[in-house]
Amino acid sequence: MTANSRKFFLIVLLIVAAAAVYYSFVKPIDNKEANVESAAPGQAETASVYLSELRDLEGKPVAMDEDKLVFVNVWATWCGPCNMEMPGIQKLYDKYKAHEKVAFYIISDEDAETVNPFIARKGYKLPFYQFAGAYPPALDGNAIPRTYIIYKGKILVEEVGASQWDRPEITDLIDKQLAEI
């Protein structure tokens, strides 16, 4: 390599490095996170955590009950971790299904033709729903399963990934919240 070609190579390398630094640290990213940062103060905190356009498996609109302690699980039939945690969710539901201040929403974006045979095969007796809209920022994510326990618009528990939902810590938390309602 000659001296001139080394200088040219060094200049090109410096330009590429400067561009990389600029795009990594200086230029704002145009995505949801950038939009949240540019939102008005307190706007993200006041956004509702309840889902609109929720439907039962027959396609009928369902409104989430905002006056109850709400258990929300986002899942899919093809998701292994979702399937692993479903028996624990069924046990938790069985414990609280008759309680007038607790509501369960087991939500998938899959159609009823996919979900119903899965439910029948597994024997689950859970309140399954469909949701195909945009999740509120507090519930938005690209991982499943995602589970939230919500009361009066506040997320009390947020878990991404499979969990054992009938464990004593969860039932203690629910019982404590119910005692305060």
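The following legends describe several close-up views of one predicted protein model.

In this predicted model, local features need pLDDT of at least 70 and side-chain atom pairs count only at pLDDT 80 or more, while totals for chains, interfaces and linings use all residues. Residues are numbered from 1 along each chain as its sequence is written, and side-chain values use heavy atoms, with hydrogens and water left out.

**Figure 1. Overview of the protein and its elements.** The protein has 6 helices and 7 strands; helices (H or I, at least four residues) and strands (E, at least two) are DSSP runs, numbered from the N terminus. Their order from the N terminus is α-α-α-β-β-β-α-β-α-β-β-β-α. The protein has 181 residues, of which 35% count as buried. Buried means under 20% relative accessible area, exposed over 50%, and partly exposed in between, with a 1.4 Å probe and protein chains only. The accessible surface comes to about 11,300 Å², and 56% of this surface belongs to carbon and sulfur atoms; the areas come from the Shrake-Rupley method with a 1.4 Å probe, and for residues only the protein chains shown count as cover. Of the contacts between residues at least 6 apart in sequence, 67% join residues at least 24 apart, where contact means heavy atoms within 4.5 Å.

**Figure 2. Helix α4 and its cover.** Helix α4 comprises residues 80-96, 17 residues in number. From its first C-alpha to its last the helix reaches 25 Å, close to the 24 Å expected at 1.5 Å a residue; the expected span is 1.5 Å times one less than the number of residues. A kink of about 35° lies at M86, shortly before the proline P87. The bend at a residue is the angle between axes fitted to the seven residues ending there and the seven starting there. The buried residues of α4 are C82, E85, M86, G88, I89, Q90, L92, Y93 and Y96. An α-helix has 3.6 residues a turn, so residues three or four places apart point the same way. The cover of the buried residues in α4 includes the strands β3 (69-74), β4 (102-108), β5 (128-130) and β6 (146-151), together with helix α6 (168-180).

**Figure 3. G88 within helix α4.** G88 lies in helix α4 and counts as buried, at 2% relative accessibility. Which residues is G88 in contact with, leaving aside its neighbours within four places in sequence? They are Q164, W165 and D166. Although G88 and W165 are 77 residues apart along the chain, their C-alpha atoms are separated by 5.1 Å.

**Figure 4. V115 in helix α5.** V115 belongs to helix α5, residues 112-122. This residue is buried, with a relative accessible area of 2%. Not counting residues up to four places away in sequence, V115 touches L57, W75, T77, S108 and E110. The C-alpha atoms of V115 and T77 are separated by 6.7 Å, and these two residues are 38 residues apart along the chain.

**Figure 5. T147 in strand β6.** T147 is placed in strand β6 and counts as buried, at 0% relative accessibility. The side chains of T147 and N73 are joined by a polar contact of 2.7 Å. A polar contact is a pair of N or O atoms within 3.5 Å; within protein, one must be able to donate a hydrogen and the other to accept it, and residues adjacent in sequence count only if both atoms are side-chain atoms. Beyond residues up to four places away in sequence, T147 touches F71, V72, N73, E85, V157, E158, E159 and W165.

**Figure 6. Aromatic rings.** Rings of Phe, Tyr and Trp (its six-membered ring) pair if their centres lie within 6.5 Å; planes under 30 degrees apart count as stacked, over 60 as edge-to-face and the rest as tilted. By this rule the protein has 8 aromatic pairs. The pair of F118 and Y124 is tilted, because the ring centres are 6.2 Å apart and the planes stand at 35°. Both F118 and Y124 are buried. F71, Y93, F104 and W165 form one aromatic cluster.

Figure 7. Most residues other than glycine have a negative phi, and most peptide bonds are trans. E53, in the loop between α3 (43-46) and β1 (54-56), has a positive phi near 65° and counts as exposed at 64% relative accessibility. K152 also has a positive phi, near 50°; this residue is in the loop between β6 and β7 (154-160) and is partly exposed, with a relative accessible area of 49%. The peptide bond from I144 to P145 is cis, with omega near -5°, and P145 lies in the loop between β5 and β6.
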